[in-house]
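Thanks for coming, everyone. I have one structure to show today, and I'll keep it short. Here it is.

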Amino acid sequence: MKILLIGPPASGKGTIGERISKDLHIPLISVGSVLRGIPDNHFQKKKISEIMERGELVPQDIVASLLKEEVAKDTAENGFIFDGWGRRKEDLDYFDPNFDKVIYLKVSPETSFQRISARRTCENCEAVYNLTFIPPKISGVCDLCGGKLTKREDESEETTRRRLEIFEEETKETIEYFKNQGKLVEVDGEGTPDEEYTLVKNALGY
Ligand SMILES: [Zn+2]
């Protein structure tokens, strides 16, 4: 099964992707991890590293070619989960993997805000906690390494508001497109991570 996950910030997308991957034994292919994981001997490695070091976005044609390599691997022969590619119409112009199902994790902007403001990251090992769902054992201290937990700069209210706006703009067209193809499944992401995953499993039929 070829699955696309779409969801606004703090919709639980990353966690859901990992759980589907584990249960269905298909790889989670996220653009970020593909770019970070390019092997040193890859012919595009040098070029991509330079672009990323300059803090620029890797051009879509290059990302598309990397993703095509990923889906051609043996590990993806029974399907895959995409995260970060396909929510924009222009992505699909470069590479459309012909998804079977598109899971749209719906959370309200208020929920996004609340969850992001409850997020704490370890300054030392970058482990992520959520004061509501995954609180640390000792307040303000990382369970794993004892580091200090803080709020990340890029999770300010203003940045979050902007990210939500961008999400809305980018996905408007594709959500309609997948809906018309009968592939879109809207999942209520307002509940706990377990509740959300149960709805996703029902939607995917396993
Ligand atoms: Zn830590």
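Start with C122. C122 touches A127, C142, C145, G147 and L149, leaving aside residues up to four places away in sequence. Keep in mind that this is a predicted model.

Where does C122 lie? It lies in strand 5, residues 119-122. Is C122 buried or exposed? A residue is buried if 20 or more other C-beta atoms lie within 10 Å of its own. C122 has 20 such neighbours inside 10 Å, so it counts as buried.

Now take one of its contacts, C142. C142 is in a loop, the one between strand 6 (128-130) and strand 7 (149-150). C142 is buried because 21 other C-beta atoms lie within 10 Å. What does C142 touch, again skipping residues up to four places away in sequence? The list is C122, N124, C125, A127, P136, G147 and L149.

Next, the annotations. An unreviewed UniProt entry marks a "binding site".

Last, the wider region. The unreviewed UniProt entry also has the annotation "domain: Adenylate kinase active site lid", covering residues 119-154.

Methods: Residues are numbered from 1 along each chain as its sequence is written. This is a predicted model: local features need pLDDT of at least 70, side-chain atom pairs count only at pLDDT 80 or more; totals for chains, interfaces and linings use all residues. UniProt positions are given in the numbering used here, feature names are shortened, and annotations may be inferred rather than shown by experiment. Helices (H or I, at least four residues) and strands (E, at least two) are DSSP runs, numbered from the N terminus. A residue is buried if 20 or more other C-beta atoms lie within 10 Å of its own, exposed if 12 or fewer, and partly exposed in between; C-beta atoms are placed from the backbone. Two residues are in contact if their C-beta atoms, placed from the backbone, lie within 7 Å.
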